[in-house]
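This report describes a ligand site, a set of aromatic pairs and a few backbone features. The sequence and the structure are shown first.

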Amino acid sequence: MPNRTVTMIDNRTGEKYDFPILEPTIGPDVVDISTFYGNTGMFTFDRGFTSTASCRSKITYIDGGKGQLMYRGYDIAYLATQKTFLDSAYLLLNNDLPDEETLASFTEEMKKRSFIHEGMKKLFDAFPDNAHPMAILSAGVSALSTFYFDHLDVDTPEEYMEMAHRIVAKIPTIAALSYRYSQGLPVIYPDMNKGFTENFLYMLRGYPHHHIDLKPIEVKALDTIFTLHADHEQNASTTTVRVVASTHAHPYACIASGIAALWGRAHGGANESVIRQLEMIGSVENVDKYIAKAKDPDDPFRLMGFGHRVYKNFDPRATILKEIQQELVQELNLDTGLMAVAKKIEEIALSDEYFIKRNLYPNIDFYSGIILQALKIPKEMFAVIFVIGRTPGWISQWIELKEQDNIKIARPRQLYLGPLDRTPKY
Ligand code: ACO
């Protein structure tokens, strides 16, 4: 049996320290340095946590080299093409896919819980016109805690599930209302006859007493986007949810913090940037000019929707969305100028040596931005859509943290480089 430790030598003193190597089910081995400070008196430095595993988790696995993503051991392509978003949400929360009967009762539960307290409308009223829907959404989720103030201590598996169902079911309603209020549009209540994703599109696009024709391909496309966003391991917003949860904050505060973290353009805001950039490029004739700018080392311009920090081969979510985009184009007869620009960029980038050499493939945001625009979803709502998809993942990670013994408050240390001895004699 090989010695499963890593030895570190302090070259100043010659002292040796051993650290155990932990074995994951799959993926790189992990060196346990939790005794590092106690044994050596030193901290480790890892900017952006690029080499740090911050928790033990059984939920989601990513292999960036292979372009692999799994929820609870199921491949993302299977879940996105053979199952619905509510299947994946149930899977993340319960560790197993639901059978037909369980899915039906989970779907009913989501419908029943989709309404929000009428008192919350006063909150929406208080925001100015054109307020960003992400701001209203995070305030709305925080405000849920004021309506469930006697349910904030969530400690048993039954309480975890009740809270999870409440938040997953209400977020689309709060999200749709955030948009309706920000635009001064009449409020549309959930329709108990519609499924989860269809209902959200209906609340976003419908008008009172007016039939709205939602095509199955539109619902399928959005449902797939929700599934593909449902979890992504320990990304910035999920880590935020876990950090806040480690203080024993209640779940509404944790999810609202996750929403705030996701809003940034380096995270949930990227697909909005893709559309803004396509609009800026404007027409097919301008594409070559912008490709040249993207390749110029002295030009900071980057093609939005290309490249990924973790996926260095291909983004498996992008492959699935590319197919959905093609279905949408055919079924809805979409042939917009923006689509033509996107297609030309994609063609050039996939055959150009600069992009091939650097493994710069279209990522999920390249296709999701184009699809959301084809679904007539306004750009300010793109990050909100991401939130609806990611909520079951955040809550599953919250529950996983709560179920582990001895929750340790997240409390990193630092490399202090500031001044010393500035206090005057007094
Ligand atoms: N366009 C042009 N060149 C690029 C691009 C791009 N989109 N992305 C990376 N490069 C080039 C870099 O200039 C660099 O070239 P060099 O080696 O000649 O210096 C090389 O590719 C490597 O780039 P890094 O920045 O080191 O790659 P990193 O893995 O750190 O960055 C990132 C990944 C941030 C996603 C980057 O590819 C990027 O900025 N893409 C555009 C923004 C985007 O689409 N973000 C969404 C990501 S998906 C998500 O978060 C859900």
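## Ligand site and aromatic contacts

Around the ligand there are 16 residues, of which Arg302, Leu303, Gly305, Phe306 and Lys312 come nearest; a residue is near a molecule or strand if one of its heavy atoms lies within 4 Å of it. The model is a predicted one, in which local features need pLDDT of at least 70 and side-chain atom pairs count only at pLDDT 80 or more, while totals for chains, interfaces and linings use all residues. Residues are numbered from 1 along each chain as its sequence is written, and side-chain values use heavy atoms, with hydrogens and water left out.

The shell around the ligand is made up of 7 nonpolar, 4 polar and 5 charged residues. Here Ala, Val, Leu, Ile, Met, Phe, Trp, Tyr, Cys and Pro count as nonpolar, Asp, Glu, Lys and Arg as charged, and the others, Gly among them, as polar.

| Residue | Ligand atom | Distance |
|---|---|---|
| Tyr354 | nitrogen | 3.0 Å |
| Arg358 | oxygen | 3.0 Å |
| Asn363 | oxygen | 3.1 Å |

The ligand taken alone exposes 930 Å², and the protein buries 67% of that. Accessible areas come from the Shrake-Rupley method with a 1.4 Å probe.

Aromatic side chains come next. The whole structure holds 17 aromatic pairs. Rings of Phe, Tyr and Trp (its six-membered ring) pair if their centres lie within 6.5 Å; planes under 30 degrees apart count as stacked, over 60 as edge-to-face and the rest as tilted.

Phe115 and Tyr189 form a stacked pair, because their ring centres are 6.5 Å apart and their planes stand at 25°. Phe115 belongs to the loop between α4 (100-112) and α5 (120-126), and Tyr189 to the loop between α7 (157-182) and α8 (196-205), so the pair ties together parts that are 74 residues apart in sequence. Helices (H or I, at least four residues) are DSSP runs, numbered from the N terminus. Phe115 has 32% relative accessibility and counts as partly exposed, and Tyr189, at 36%, also counts as partly exposed. Buried means under 20% relative accessible area, exposed over 50%, and partly exposed in between (1.4 Å probe, protein chains only).

Tyr290 and Phe301 have ring centres 5.4 Å apart and planes at 50°, so this pair is tilted. The pair links distant parts of the chain, 11 residues apart: Tyr290 is in helix α13 (residues 287-295), and Phe301 is in the loop between α13 and α14 (316-332). Tyr290 counts as buried at 12% relative accessibility, and Phe301 is buried at 13%.

Ring pairs also join Phe306, Tyr354, Phe355, Phe366 and Tyr367 into a cluster.

The charged end of Arg166 sits over the ring of Tyr148, 3.9 Å from its centre, and that of Lys194 sits over the ring of Tyr202, 4.7 Å from its centre. A charge sits over a ring if NZ of Lys or CZ of Arg is within 6 Å of the ring centre and within 35 degrees of the ring normal.

Asn95, which is not a glycine, has a positive phi of about 75°. Asn95 lies in the loop between α3 (85-94) and α4 and is partly exposed at 41% relative accessibility. Asn130 is not a glycine either, and its phi is positive at about 65°. Asn130 lies in the loop between α5 and α6 (133-147) and is exposed, with a relative accessible area of 61%.

Technical notes: A polar contact is a pair of N or O atoms within 3.5 Å; within protein, one must be able to donate a hydrogen and the other to accept it, and residues adjacent in sequence count only if both atoms are side-chain atoms. Helices (H or I, at least four residues) and strands (E, at least two) are DSSP runs, numbered from the N terminus.
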